[in-house]
Amino acid sequence: MKRALVCLLLVSCVPSKRREVDGPSDLGSGEILLVGRIKLTPPISKDEQRLPGIAEDWRGHVMVILGETAAPLVRPFKTSGYKNRIEAPPDREFSVAVPAGSFSIRGAVVPLKLDEPPTDEALLPGGFRVEVRPGDRAIYIGTIHYHRDEFWQITKIEVEDDYDRVRADCAKRWGASDALRKAVVEAPPKKK
Amino acid sequence: MARLLPAILAAAFLSACGGGLSQQMENQKDPETSLIVGHIDMKDGPCWLHWFSMKQVMPKVEKPYYNFRIDEGTFYAEYVPLGSFQLSEFGGDGSWPSNTRYTFRFPQQLEGLRLEKPGVYYIGSFKMTDEGNFFKSKYDIELAKTPSEREVLEKILPHAKGTVWEERLRSRLEELK
């Protein structure tokens with residue numbers, strides 16, 4: 001009972017995420033639509049995550065953390081760090097509203113243990129800069145592909161360009177009036 | 001009091017044996033198993049080391065956790081198969097009359113151990129530190145220079161008596177001379 005209460009408190013304290021939107025028509029003023037994808041190889045397996053029932057919809061998701069600067073994520077990662085996260089699904093692109101201005105992807109978080117404190121998570125490196133231009137309505141940043149080993153050490157980061165497929169898919173859903181600009185991010189240089 | 005004493009001693013004995021695991025090693029049942037050994041100095045911790053465990057992450061198995069035998073800060077297990085392992089958790093029970101159980105977990109995102117051939121592997125000596133203050137403790141562990149691999153292996157040698165591990169430990173100790 002006590003453990004359930006702690007889990008409930010832990011998860012209910014998680015700040016709000018970026019609003020998911022289907023297309024530019026759902027945007028508010030001062031917002032643009034951000035489309036991209038996070039891929040993990042190997043993918044997160046079920047036994048790597050211990051999540052309480054209340055956080056079950058986080059399973060397999062990667063939480064992308066944005067910031068004005070590319071300040072790296074550090075341990076201990078506090079619950080407040082999830083503020084304005086993008087909940088990237090494992091099998092498709094995310095599509096969220098963000099403020100219309102350039103920003104950085106500081107990194108990403110995979111929640112590994114939330115069933116009782118202390119929590120545990122894998123922190124994935126970031127350092128991607130996203131340049132937003134005046135007049136942008138929707139931008140595509142590519143697929144950030146993390147390769148990892150069995151100890152959650154990142155062995156390689158690639159950025160894959162699936163623009164043609166994603167643009168065709170968006171055009172089908174949005175109609176021809178709204179364009180998705182290609183703004184694929186660059187993989188940060190590998191640390192020596 | 002006379003009746004209580006055996007109960008307390010039994011509890012102390014149990015915890016000194018790593019939660020029920022005997023300190024005496026067994027003979028190798030599978031030639032592909034390894035002896036893993038290390039040490040944690042918990043003098044600055046809230047309890048003594050009573051258990052230590054490791055989790056197998058590759059290949060995936062139904063029962064991935066391995067509990068270690070304990071001898072005063074030294075942890076060892078001679079039945080670890082080939083594969084990849086993460087340090088999982090360790091801890092102990094607070095001294096009598098406290099009934100607090102202290103568990104310290106290693107983060108999952110941490111370099112682990114890849115066992116590709118059977119052998120005797122010393123994974124290091126660690127020291128628990130308390131960087132907190134009078135009101136709140138903040139425990140961590142760091143690598144320590146002592147005890148050395150030689151001292152740790154010498155400590156567990158008597159527990160390997162009569163098993164194949166005795167000869168292997170002796171041969172490793174010869175190499176360390």
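These legends go with several close-up views of a predicted model.

This is a predicted model, in which local features need pLDDT of at least 70 and side-chain atom pairs count only at pLDDT 80 or more, while totals for chains, interfaces and linings use all residues. Residues are numbered from 1 along each chain as its sequence is written, chains are lettered from A and ligands numbered from 1 in the order in which they are written, and side-chain values use heavy atoms, with hydrogens and water left out.

**View 1. Chain B from end to end.**
Let's start with the layout: chain B has three helices and 10 strands. (Helices are DSSP runs of H or I with at least four residues, strands are runs of E with at least two, and both are numbered from the N terminus.) Follow the sequence along and you get α-β-β-β-β-β-β-β-β-β-β-α-α. Of the 177 residues in this chain, 43% count as buried. (Buried means under 20% relative accessible area, exposed means over 50%, and partly exposed is in between, with a 1.4 Å probe and protein chains only.)

**View 2. Glu87(A) and Lys17(A) join up.**
Here the side chains of Glu87(A) and Lys17(A) form a salt bridge, at 3.5 Å from N to O. The two partners come from distant parts of the chain, 70 residues apart: Glu87(A) is in strand 3 (residues 86-88) of chain A, and Lys17(A) is in the loop between helix 1 (2-12) and strand 1 (31-41). (A salt bridge is a side-chain nitrogen of Lys or Arg within 4 Å of a carboxyl oxygen of Asp or Glu.) Glu87(A) counts as buried because its relative accessibility is 10%, whereas Lys17(A), at 33%, is partly exposed. Over all chains, the whole structure has 33 salt bridges.

**View 3. A pair in chain A: Arg129(A) and Glu131(A).**
Arg129(A) makes a salt bridge with Glu131(A), and their closest N and O atoms are 3.6 Å apart. Arg129(A) has a relative accessible area of 39%, so it is partly exposed. Glu131(A) is partly exposed too, at 47%.

**View 4. Two helices of chain B, linked.**
Glu149(B) and Arg172(B) form a salt bridge with closest N and O atoms 2.9 Å apart. This pair ties together distant parts of the chain, 23 residues apart: Glu149(B) sits in helix 2 (residues 149-156) and Arg172(B) in helix 3 (residues 164-176) of chain B. Is Glu149(B) buried or exposed? Glu149(B) counts as buried, because its relative accessibility is 16%. Arg172(B), at 24%, counts as partly exposed.

**View 5. A loop residue, Pro107(B).**
Look for Pro107(B) in the loop between strand 7 (101-105) and strand 8 (113-115) of chain B. Pro107(B) is partly exposed, with a relative accessible area of 28%. How far is Pro107(B) from Thr163(B), C-alpha to C-alpha? The two atoms are separated by 34 Å, and the residues are 56 apart along the chain.

**View 6. Two cysteines, Cys170(A) and Cys47(B).**
Cys170(A) is buried, with a relative accessible area of 2%. Cys47(B) is buried as well, at 4%. A disulfide is a covalent bond between the sulfur atoms of two cysteines. How many disulfides are there over all chains? The count is zero, with a disulfide taken as a pair of cysteine sulfur atoms within 2.5 Å.
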